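Subject: Structure for you to look at

Hello,

I am passing on a structure for you to look through. Please open it first, then read the notes below alongside it.

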Amino acid sequence: MPLPAAALRFPHRHPAVTTILIGARSAEEVREDLDLAATPVPEELWRELDSAR
């Protein structure tokens, strides 16, 4: 699981967050961000993070 993919999705776990805005400096970064956003984050990872708190 790429850490940037999880970091990109993490804010959406909070019920008050409805959207996020991702910055990018180039078209390549936009493509990379879209790929990361499409990467499924295993539910197990979220459980591990919750238990680590």
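This is a predicted model: local features need pLDDT of at least 70, side-chain atom pairs count only at pLDDT 80 or more; totals for chains, interfaces and linings use all residues.

Arginine 31 is partly exposed, with a relative accessible area of 46%. Its salt-bridge partner is glutamate 28, and the closest N and O atoms of the two are 3.3 Å apart. Glutamate 28 also counts as partly exposed, at 39% relative accessibility.

How many salt bridges does a search of the whole structure find? The search finds three. Side chains of opposite charge can pair when their charged atoms come close.

Another of the salt bridges joins arginine 25 and glutamate 29, at 3.1 Å from N to O. Arginine 25 counts as exposed, at 77% relative accessibility, whereas glutamate 29 counts as partly exposed, at 21%.

Arginine 13 and aspartate 50 form a salt bridge too, with their closest N and O atoms 3.0 Å apart. This pair links distant parts of the chain: arginine 13 sits in the loop between H1 and H2, aspartate 50 sits in helix H3, and they are 37 residues apart. Arginine 13 is partly exposed, with a relative accessible area of 34%; for aspartate 50, also partly exposed, the value is 34%. The side chains of aspartate 50 and arginine 13 are also listed as making a polar contact, at 3.0 Å.

Aspartate 33 is a charged residue without such a partner. Aspartate 33 belongs to helix H2 and is buried, yet has no salt bridge.

Now the aromatic rings. A search of the whole structure finds one aromatic pair. Phenylalanine 10 and tryptophan 46 make up this pair, which is tilted, with 6.1 Å from centre to centre and 45° between the planes. Phenylalanine 10 lies in the loop between helix H1 (3-9) and helix H2 (27-38), and tryptophan 46 lies in helix H3 (residues 43-52), so the pair ties together parts that are 36 residues apart in sequence.

Regards

Notes. Residues are numbered from 1 along each chain as its sequence is written. Side-chain values use heavy atoms; hydrogens and water are left out. Rings of Phe, Tyr and Trp (its six-membered ring) pair if their centres lie within 6.5 Å; planes under 30 degrees apart count as stacked, over 60 as edge-to-face and the rest as tilted. Helices (H or I, at least four residues) and strands (E, at least two) are DSSP runs, numbered from the N terminus. Buried means under 20% relative accessible area, exposed over 50%, partly exposed in between (1.4 Å probe, protein chains only). Lys and Arg count as positive and Asp and Glu as negative; His and the chain ends are not counted. A salt bridge is a side-chain nitrogen of Lys or Arg within 4 Å of a carboxyl oxygen of Asp or Glu. A polar contact is a pair of N or O atoms within 3.5 Å; within protein, one must be able to donate a hydrogen and the other to accept it, and residues adjacent in sequence count only if both atoms are side-chain atoms.
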